[in-house]
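Take a look at the structure below. This report walks through it part by part.

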Amino acid sequence: MAAGSSLLEAARRAGLPVASACGGEALCGRCGVSVLAGASALPLEDEPEARAKRRNRVPAERRLACRVVVSSDLEVTASYW
């Protein structure tokens, strides 16, 4: 996956289903994933991500795959995998 792609795009290209009802616009919060490895390389959560998580009751430790920009290898999981 090319650097600069969202984690949502990367997961889907790898054949992993990631829930998203808003088309990756940080509105629904369904693409929340737990980062198991590589979190230190991620950018900090921005306000649209934080707002979507609060609005949709996504646990604070999860990240929205549509907002996370991939810059290195990550290991993630979702509650529905």
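## A buried serine

At 10% relative accessibility, Ser 5 counts as buried. Buried means under 20% relative accessible area, exposed means over 50%, and partly exposed lies in between (1.4 Å probe, protein chains only). Ser 5 sits in the segment before H1. Helices (H or I, at least four residues) and strands (E, at least two) are DSSP runs, numbered from the N terminus.

What does Ser 5 contact? Leaving aside neighbours within four places in sequence, Ser 5 is in contact with Arg 13, Val 68, Val 69 and Val 70. Contact means heavy atoms within 4.5 Å.

## What kind of model this is

This is a predicted model: local features need pLDDT of at least 70, side-chain atom pairs count only at pLDDT 80 or more, and totals for chains, interfaces and linings use all residues. Residues are numbered from 1 along each chain as its sequence is written, and side-chain values use heavy atoms, with hydrogens and water left out.

How confident is the predictor? The pLDDT is the predictor's confidence in each residue, from 0 to 100. The mean pLDDT of the protein chain is 87. In all, 95% of its residues reach 70 or more. Confidence is lowest in S3, at a mean of 88, and highest in S2, at 94. Where pLDDT is low, the predicted coordinates should not be read in detail.

## The overall layout

The protein chain has two helices and three strands. From the N terminus on, the elements run α-β-α-β-β. The radius of gyration of the protein chain is 11 Å, close to the 12 Å that the globule rule gives for 81 residues, so the chain is as compact as a globular protein of that length. The radius is taken over C-alpha atoms, and the globule rule is 2.2 Å times the number of residues to the power 0.38.

The C-alpha atoms fill a box of roughly 30 × 25 × 20 Å, taken along the principal axes. Of the 81 residues, 35% count as buried. The protein chain exposes about 4,800 Å², and carbon and sulfur atoms supply 50% of it. Accessible areas come from the Shrake-Rupley method with a 1.4 Å probe; for residues, only the protein chains shown count as cover. Now take the contacts with a separation of 6 or more: residues 24 or more positions apart account for 64% of them.

## The sheet

In what order do the three strands lie? They form an open sheet in the order S2-S1-S3, with antiparallel pairing. The edge strands are S2 and strand S3 (75-77), and each pairs on one side only. Two strands pair if DSSP finds at least two bridges between them. Two bridges join S1 to S2. Gly 32 stands opposite Leu 64 in S2.

Thr 77 lies in strand S3. Thr 77 is partly exposed, with a relative accessible area of 28%. Beyond its neighbours within four places in sequence, Thr 77 is in contact with Val 33, Ser 34 and Leu 36. The C-alpha atoms of Thr 77 and Gly 32 are separated by 9.2 Å, although these residues are 45 residues apart along the chain.

## The nonpolar core

In soluble globular proteins, nonpolar side chains tend to be buried together. A nonpolar core is a set of buried Ala, Val, Leu, Ile, Met, Phe, Trp, Tyr and Cys residues joined through side-chain atoms within 4.5 Å. The largest one here has 18 residues. Those with the most contacts inside it include Leu 7, Leu 8, Val 18 and Cys 31. The largest share of this core, four residues, comes from helix H1 (residues 7-13).

Which residues does Cys 31 touch? Not counting residues up to four places away in sequence, Cys 31 touches Leu 8, Val 18, Ala 19, Arg 63, Leu 64, Ala 65 and Cys 66.

## Two loops

Most residues other than glycine have a negative phi. Ala 26 has a positive phi, near 60°. Its place is in the loop between H1 and strand S1 (32-37). Is Ala 26 buried or exposed? At 5% relative accessibility, Ala 26 counts as buried.

Arg 57 also has a positive phi, of about 55°. Arg 57 lies in the loop between helix H2 (47-55) and strand S2 (63-64). At 76% relative accessibility, Arg 57 counts as exposed. Pro 59 lies in the loop between H2 and S2 too. Pro 59 counts as partly exposed, at 27% relative accessibility.
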